[in-house]
Amino acid sequence: MSFKKDFLWAASTSAYQVEGAYNEDGKGLSVQDVKKVPEGTPDFKVCSDHYHRYKEDVKLFSELGLKAYRFSIAWSRILPNGFGKINQKGLDFYNNLIDELLKYGIEPIVTMYHFDLPYELEKKGGWENPEIVSYFEEYAKILFEHFGDKVKYWLTINEQNVMIIHSEQIDGGKSNKMVYQKNHHMLLAQAKAMILCHKMLPKAKIGPALNVGVVYPKSCNPKDVLASQYCNAIRNWLYLDATCFGVYNNMALKYIHDKNYVLDIKKGDMEILKAAKPDFIAFNYYNSFTVEDPDAKSDKLKDLDSVLLEKGYYKSYVNEYLKFTEFKWQVDPLGFYITLNEIYGRYRLPLIVTENGLGAYDKLEDGKVHDDYRIDYLREHIEYMKKAVDDGVDVFGYCTWSAIDLISTHQGFDKRYGFIYVNRDNKDIKDLSRIKKDSFYWYNKVIQSNGEDM
Ligand code: BG6
């Protein structure tokens, strides 16, 4: 078995984390441009300055050997107000970027929306406002019209589940009674975009891009097992069941009702969800999760960067079998294998991994970055992905996070993920020059050997 000949070895970025040029060439503001960033971390105004240096970056991606590059389009660069007047310079930027990628034989994989809602739409109620469904459809139509002849792979919404569960970390939003109504609008918007894509671009492929990691029970105590079932349903399956089957997961629905969240499903909505069929499932994987009976007394939750806690349903548990990253994320390569099998078993659609990687405090020493810890992390994950492929799981691509250093969602620039070091840090923008890390040469070898030489 092993990886198919045309396996998409790739790497990812997102517009608001890498581009900079936040207000240039007609771009409107996004929620990321106005959010209050955590103390000590930089804003998103300059980032890695990819907007001005994309040619240099794409050349480096080609030297890296990438078969594909996943990036997102900033909605507010195309439509500064979120709808209405199109910004030609925004279209030009992405057209140029795509042409540059194709020049080097790199397949573009486009995320339509990655956490950066146009601020003008947020002011109109954001995802709570039902009109957003048609705004997103209008935006999707523009993307398909302008880039559809060159882009074959489309991803709708990045990590919708994380935006719903950890909105305060991602876009400065707060979870409120309307959060599952927001989610419902996102599901409808995504469904409409998938239907439209199939109509306008019959040869293109489109799918969701969620963050999926299996949730383990702390023990075989049925209370822990039930906690993990609920957490899996609420964190993972709610989104994939709605996207792939057009139904609401029953356990998640019970939770939504019990917690008195607003969920107004209009006549015809479920038919729209059912009519939309993804061609594949894209998912981001960083770690598995472990939960226990929510009434249990044990408590080490401060050891984790991000906690899953729902009174009456589940509570995070620190898994003693797993290591930690410097940023309090647990590392679980075997969990990657389990997650690949679980998703494939449930939905039987081709899979592409759209993010996987290690955030670390890299050190630049004598012009070099020896990031062997990143190589180890990626190697272990790729080995388990290979095992899943050997077992018959249909995986057609793998994108690391990230192609190049960029700003983390809530932990600044000093938390680095890239194969390419960008010479700046949290406090000082410096010269933003690009330096290949050791992992750059290693990933190149992996790609050249189609995953044989690791
Ligand atoms: C995913 C996001 O959640 O994880 C990315 O899609 C993000 O935008 C990545 O950067 C890593 O998370 P963080 O919080 O370390 O930036």
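1. Start with Phe115. In this predicted model, Phe115 sits in the loop that runs between β3 (107-113) and α6 (119-123). Its backbone deserves a look: phi of Phe115 is near 65°, a positive value, and the residue is not a glycine. Phe115 has a relative accessible area of 2%, so it counts as buried. The cut-off for buried is under 20%.

2. Now compare Asn260. This residue also belongs to a loop, the one between α12 (250-258) and α13 (269-275). Asn260 has a positive phi of about 60°, and again it is not a glycine. Is Asn260 buried or exposed? Asn260 is exposed, because its relative accessibility is 57% and the exposed class begins over 50%.

3. Next, a peptide bond to check. The bond from Trp401 to Ser402 is cis. Its omega is near 5°. Where is Ser402 placed? Ser402 lies in the loop between β14 (395-401) and β15 (420-422). Keep Trp401 in mind, as it returns in point 5.

4. Turn to the ligand. How many residues surround the ligand? There are 15, and the closest are Gln17, Glu159, Thr409, Lys415 and Tyr417. Sorted by class, this shell holds 5 nonpolar, 7 polar and 3 charged residues. The ligand takes up the space of the largest cavity.

5. Look at the individual atom pairs. A polar side-chain atom of Glu159 is 2.5 Å from an oxygen atom of the ligand. For Glu355, an N or O atom of the side chain lies 2.8 Å from a ligand oxygen. For Trp401, the corresponding distance from a side-chain N or O atom to an oxygen of the ligand is 3.3 Å. How much of the ligand does the protein cover? The protein covers 96% of the 370 Å² of accessible area that the ligand has on its own.

6. Finally, Arg70. This residue is part of strand β2 (residues 68-72). Arg70 counts as buried, because its relative accessibility is 0%. Which side chain does the side chain of Arg70 contact? The partner is Asn158, through a polar contact of 2.8 Å. When you view the model, find Arg70 in β2, then trace its side chain to that of Asn158.

Notes: Residues numbered from 1 in each chain as written. Predicted model: local features only at pLDDT ≥ 70, side-chain atom pairs only at ≥ 80, totals over all residues. Heavy atoms only, no water. Helix = DSSP H or I, 4+ residues; strand = E, 2+ residues; numbered from the N terminus. Buried < 20%, exposed > 50% of the residue type's maximum accessible area, 1.4 Å probe, protein only. Polar contact = N/O pair within 3.5 Å; in protein donor to acceptor, adjacent residues only side chain to side chain. Near = heavy atom within 4 Å. Areas by Shrake-Rupley, 256 points an atom, 1.4 Å probe, with all protein chains shown as cover. 1 Å grid on protein atoms, 1.4 Å probe; cavity = no way out; pocket = protein on both sides within 12 Å on 5 of 7 lines; lining within 4 Å. Sits in = over half its atoms within 2 Å of the grid points. Nonpolar A, V, L, I, M, F, W, Y, C, P; charged D, E, K, R; others polar.
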